[in-house]
Amino acid sequence: MIECRPFAGLGRETLDWLDTRHHFSFAHYHDPARMGWGALRVWNDDEIAAGAGFPPHPHADMEIITYVRDGAVSHQDSLGNRGRTEAGDIQVMSAGSGIRHAEYNLEPGLTRIFQIWITPTVRGGPPSWGTRPFPHSDRAGRFVKLASGDPADAEALPIRSDARVLGARLGAGESIDYELRPGRHAYLVPAKGALSVNGIRIGARDGAAIRDESVLHLAALEDSEVVLVDSA
């Protein structure tokens with residue numbers, strides 16, 4: 001089963017500094033049919049104006065992954081962490097028993113991000129934050145594990161959930177396969193470009209909710225950058 005969720009039909013909220021689309025129910029957007037997908041709870045597509053951002057606010061019991069599409073995000077939190085994550089890279093915050101953080105676009109132009117929330121396997125625990133560069137060249141023609149709850153995925157930033165966040169870059173005409181184990185839920189969004197997924201076209205910033213597919217065959221219809229969450 002592959003359900004395409006076109007970008008134009010996503011929930012939307014606009015502020016003077018933020019234009020955000022919601023793949024799942026969030027804030028003022030509520031759709032009882034879109035409360036999550038497996039362990040995936042939130043996928044927001046945010047455009048943040050220069051010099052603006054999210055002021056300090058609390059989180060608990062959530063794995064929060066920020067994938068930067070354009071620009072950069074500057075982070076600070078109640079643990080004393082500070083960092084800047086650039087386009088193509090990710091940051092991971094395990095909110096655990098509780099943390100306050102802020103995220104700002106301190107760049108001269110627009111910053112675009114995917115913010116992905118995944119429910120943890122176990123509640124509580126000490127909060128943490130981390131970021132890591134993932135060179136674009138490493139993702140050429142293959143999936144790279146960006147964040148993972150599997151300790152064997154040593155190259156990925158750790159999360160406390162039975163889930164993986166993966167990224168790939170495909171040139172027009174290239175294709176890759178991804179095996180999806182029984183009972184798993186996949187959610188796929190092209191950050192750029194357009195793909196055919198098992199014969200179904202998924203355009204830039206569209207979502208694809210997937211289950212009961214043993215193999216995903218991704219064929220790039222144009223140069224593409226794709227993000228995939230595979231979760232219980």
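**Close-up views of a predicted model**

**View 1. Ser74 sits in strand S7, residues 72–77.** Strands (E, at least two residues) and helices (H or I, at least four) are DSSP runs, numbered from the N terminus. The model is predicted: local features need pLDDT of at least 70, side-chain atom pairs count only at pLDDT 80 or more, and totals for chains, interfaces and linings use all residues. Residues are numbered from 1 along each chain as its sequence is written, and side-chain values use heavy atoms, with hydrogens and water left out. Ser74 has a relative accessible area of 13%, so it is buried. Buried means under 20% relative accessible area, exposed over 50%, and partly exposed in between (1.4 Å probe, protein chains only). Not counting residues up to four places away in sequence, Ser74 touches Gly83, Arg84, Ala102, Glu103, Tyr104 and Leu106. Contact means heavy atoms within 4.5 Å.

**View 2. S7 and S8 form a hairpin.** Four residues lie between the two strands, and Gly80 in the turn has a positive phi of about 95 degrees. S7 pairs with strand S8 (residues 82–86) in the antiparallel sense, over five bridges. Two strands pair if DSSP finds at least two bridges between them. Val73 has Thr85 of S8 as its bridge partner.

**View 3. The largest pocket has a volume of about 300 Å³.** On a 1 Å grid over the protein atoms alone, a pocket is an open set of points where a 1.4 Å probe fits, with protein on both sides within 12 Å along at least five of seven lines; lining residues have an atom within 4 Å of a point. Grid points are joined across faces, edges and corners, and the volume is the space filled by probe spheres set on the points. The lining has 18 residues; Leu18, Phe26, Asn44, Phe54 and Gln115 lie nearest the centre of the pocket. S3 (18–22), S4 (40–48), S5 (52–59), S10 (99–105) and S11 (111–118) each supply at least two lining residues. S5 gives the largest share, four residues. By type, the lining has seven nonpolar, eight polar and three charged residues. Ala, Val, Leu, Ile, Met, Phe, Trp, Tyr, Cys and Pro count as nonpolar, Asp, Glu, Lys and Arg as charged, and the others, Gly among them, as polar.

**View 4. Seven strands form an open sheet of mixed pairing.** The order is S1-S20-S17-S22-S15-S13-S14. S1 (2–5) and S14 (157–158) are the edge strands, each pairing on one side only. S17 (residues 185–192) and S20 (residues 207–211) pair in the antiparallel sense over four bridges. Here Tyr187 has Ala209 of S20 as its bridge partner.

**View 5. The largest nonpolar core holds 26 residues.** A nonpolar core is a set of buried Ala, Val, Leu, Ile, Met, Phe, Trp, Tyr and Cys residues joined through side-chain atoms within 4.5 Å. Leu40, Trp43, Ile65, Ile90, Ile116, Ile118 and Tyr187 touch the most other members. A second, separate core of 20 residues includes Ala186, Val197, Ala208 and Leu218. Beyond four places in sequence, the contacts of Ile118 include Leu40, Met62, Ile65, Val165 and Val229.

**View 6. Asn198 and Arg205 each have a positive phi without being glycine.** Asn198 lies in the loop between S18 (195–197) and S19 (200–202). Its phi is about 50 degrees. Asn198 is partly exposed, at 30% relative accessibility. Arg205 is in the loop between S19 and S20. The phi of Arg205 is about 70 degrees. Arg205 counts as buried because its relative accessibility is 16%.
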